[in-house]
Amino acid sequence: MTAQEQGQDTRGGSERTLSTWQLGSYGAPAMPLAMVSLPMAVYLPAVYADSEGFGLGLAFVGLVMVLSRIFDGITDPLIGFISDRIRTPWGRRKPFVVIGTPIYIAGICLLFIPPIEFGEVTLLGITFNTGYPWMLAALIITYVGATIKDVPYSAWGAELSVNYNERTLVTSWREGFSVTGSLIGAFTPSIIFFFGYDKPLDAVYFLSLAIAFVMPILVANCVVSTPEHQVVERRPERLPLKESFRYVWKNEPYRRLVIIFLFSSIGAAMTNTLSFFFVKHVLLAGDLYGLYLAPYFVSQIIAIPLWFKLSRRIGKHRATMAAIFWYSLWSCFIPLIAIAPMAWFDAFEVHHLLTFLPDDAYAGTVAYFEGIPTGKFLFFIIIMCLKGSSIGALSALPYAMAADVVDVDEAQTGKRQGGAYFSIWLMVRKLAYALGLFAGTNLVVLFGFDSLADPMNTTNTAFTLLMLACCYSVIPALFKFIAVPLLWSYPLTESRVREIQSTIADRTEQDDLPARSAPAS
């Protein structure tokens with residue numbers, strides 16, 4: 001029986017091919033994760049720091065989120081290095097995914113469906129709202145569960161294939177399910193809006209219950225249906241932790257990716273954190289926030305196959321550059337929308353666009369939007385769909401590139417250290433996200449923004465709202481632009497990856513020769 005028939009990691013010659021069912025089974029758990037990642041990213045500040053949520057202070061909520069993210073980031077390398085070294089009859093990645101899932105679900109439910117009422121208490125002479133320590137504890141539980149399952153899950157995906165383009169396919173399937181989950185999360189507020197549930201608290205309640213039922217089923221199918229190939233390493237002895245980390249940091253293409261992802265995550269955190277407040281206070285359409293998210297994520301789903309085709313033609317790094325330029329172009333329009341008079345968008349008002357409906361349907365539909373200036377909001381959705389079409393590429397392609405850099409490490413060390421690489425990758429993302437959260441929430445507060453103000457009779461000045469728009473759109477785009485010079489000369493092209501894999505295959509074959517030629521005892 002050959003190594004390939006045994007499901008081992010073979011290179012060169014005949015490369016392993018994954019079935020559509022295996023690709024789908026691996027990617028499917030990303031869907032419920034994304035269903036709740038949306039509330040974690042954009043609704044969490046609104047739930048805890050909005051007047052219609054728990055009513056806590058935005059700056060302190062941002063601080064709590066930063067502290068929990070820092071703790072989360074520190075635990076990532078630990079789980080990554082452990083999962084690289086552990087060996088079980090079920091593989092080295094699957095047990096972590098199984099253990100982390102229920103912890104994650106418990107944390108989400110405690111965070112968004114707290115069983116207690118928050119209020120002011122005094123302890124050791126200090127008066128504070130119980131919402132802050134509860135939020136911190138629930139976030140830590142959530143992030144611990146996420147780390148236990150996500151780091152090995154990402155490394156598992158990198159090890160499913162050695163084919164340059166199939167790796168992009170693996171991440172594209174995962175990203176496709178992720179965007180689908182985000183779409184479900186986005187449409188949920190839109191649907192329940194027409195049943196009278198129009199607050200962020202309502203949306204996170206239904207989504208939390210949904211993932212508690214869906215995630216265990218999809219994770220179980222993933223563990224059963226997706227192979228975890230036996231890893232063949234030229235160097236069977238375990239590397240010391242310090243030496244392993246040194247090899248990871250010596251990997252020059254990986255360092256580039258880490259820097260790229262660092263600044264990209266800072267920008268993404270600022271956008272996600274301020275998204276709800278921009279729609280509510282600048283566009284005056286907070287009750288329609290869910291209606292904006294749905295088409296935004298539809299545009300991501302539609303665009304992913306196009307970005308995948310482009311990456312096959314010009315390379316992953318060039319396609320990522322194109323996505324950054326596209327994202328930045330449409331980001332520039334957001335402040336212009338913010339300062340433009342409402343009268344400019346009168347043609348986009350719902351009562352003008354829906355005149356083709358029968359009278360009863362027209363009257364009933366328009367009644368839902370009574371008192372809300374929908375013209376500027378609908379134009380904003382168009383711009384955001386164009387901008388959002390790049391998000392799938394900015395997520396999937398760097399992950400596929402990260403899978404390639406693990407081959408560089410194997411050529412140097414003879415080890416498969418995907419867990420170490422993706423743990424550091426996720427740690428950087430989370431710490432960068434924490435920095436972006438802190439920067440976004442505190443920068444707008446510094447400019448005088450009050451998240452608890454009534455948007456219709458606001459105490460926020462025009463300058464404050466313009467700065468909110470810039471922190472939401474232009475500044476994040478500038479952070480992403482830092483990646484362009486690093487991507488321009490990125491060394492791991494498809495041909496270079498094939499050369500590295502061929503070198504690994506040759507060395508593995510040479511190491512096997514003494515064992516094959518040894519006389520039988």
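A residue counts as buried under 20% relative accessible area, as exposed over 50%, and as partly exposed in between, with a 1.4 Å probe and protein chains only. By that rule, 56% of the 521 residues of the protein chain are buried. This is a predicted model, in which local features need pLDDT of at least 70 and side-chain atom pairs count only at pLDDT 80 or more, while totals for chains, interfaces and linings use all residues. Residues are numbered from 1 along each chain as its sequence is written, and side-chain values use heavy atoms, with hydrogens and water left out.

**Overall make-up**

- The protein chain has 21 helices and two strands; helices (H or I, at least four residues) and strands (E, at least two) are DSSP runs, numbered from the N terminus.
- Among contacts in the protein chain with a separation of 6 or more, 84% join residues 24 or more positions apart; a contact means heavy atoms within 4.5 Å.

**The strand pair**

- Strand E1 (residues 120–123) runs antiparallel to strand E2 (residues 126–129), with four bridges between the two; strands pair if DSSP finds at least two bridges between them.
- Glu120 has Asn129 of E2 as its bridge partner.
- Two residues separate E1 and E2 in this hairpin, and Leu124 in the turn has a positive phi of about 55°.

**The largest cavity**

- Six cavities of 30 Å³ or more turn up in a search of the whole structure.
- On a 1 Å grid over the protein atoms alone, a cavity is a set of points where a 1.4 Å probe fits but cannot get out; a pocket is an open set with protein on both sides within 12 Å along at least five of seven lines; lining residues have an atom within 4 Å of a point.
- Grid points are joined across faces, edges and corners, and a volume is the space filled by probe spheres set on the points.
- The largest cavity holds about 1,300 Å³ of space, and 48 residues line the largest cavity, with Ser37, Ser178, Asn272, Ser395 and Arg429 closest to its centre.
- Helices that each supply at least two residues of this lining include H3 (58–85), H6 (164–193) and H17 (418–446), while H2 gives the most, with eight residues.
- The lining of the largest cavity divides into 28 nonpolar, twelve polar and eight charged residues; Ala, Val, Leu, Ile, Met, Phe, Trp, Tyr, Cys and Pro count as nonpolar, Asp, Glu, Lys and Arg as charged, and the others, Gly among them, as polar.

**The second largest pocket**

- This pocket has a volume of about 220 Å³.
- Of its 15 lining residues, Glu52, Lys280, Gly286, Asp287 and Pro455 lie nearest the centre.
- Eight nonpolar, two polar and five charged residues make up the lining of the second largest pocket.

- Ser275 lies in helix H9 and counts as buried because its relative accessible area is 3%.
- Leaving out residues up to four places away in sequence, Ser275 touches Val42, Tyr289, Tyr292 and Tyr472.
- Thr464 belongs to helix H18 (residues 462–472) and is buried, at 4% relative accessibility.
- With the same exclusion of residues up to four places away in sequence, Thr464 touches Phe447, Gly448 and Phe449.

**Cysteines**

- The structure has zero disulfides, a disulfide being a pair of cysteine sulfur atoms within 2.5 Å.
- Cys470 is in no disulfide, and the nearest cysteine sulfur, that of Cys471, is 7.0 Å away.
- Cys470 has a relative accessible area of 19% and is therefore buried, whereas Cys332, at 47%, is partly exposed.
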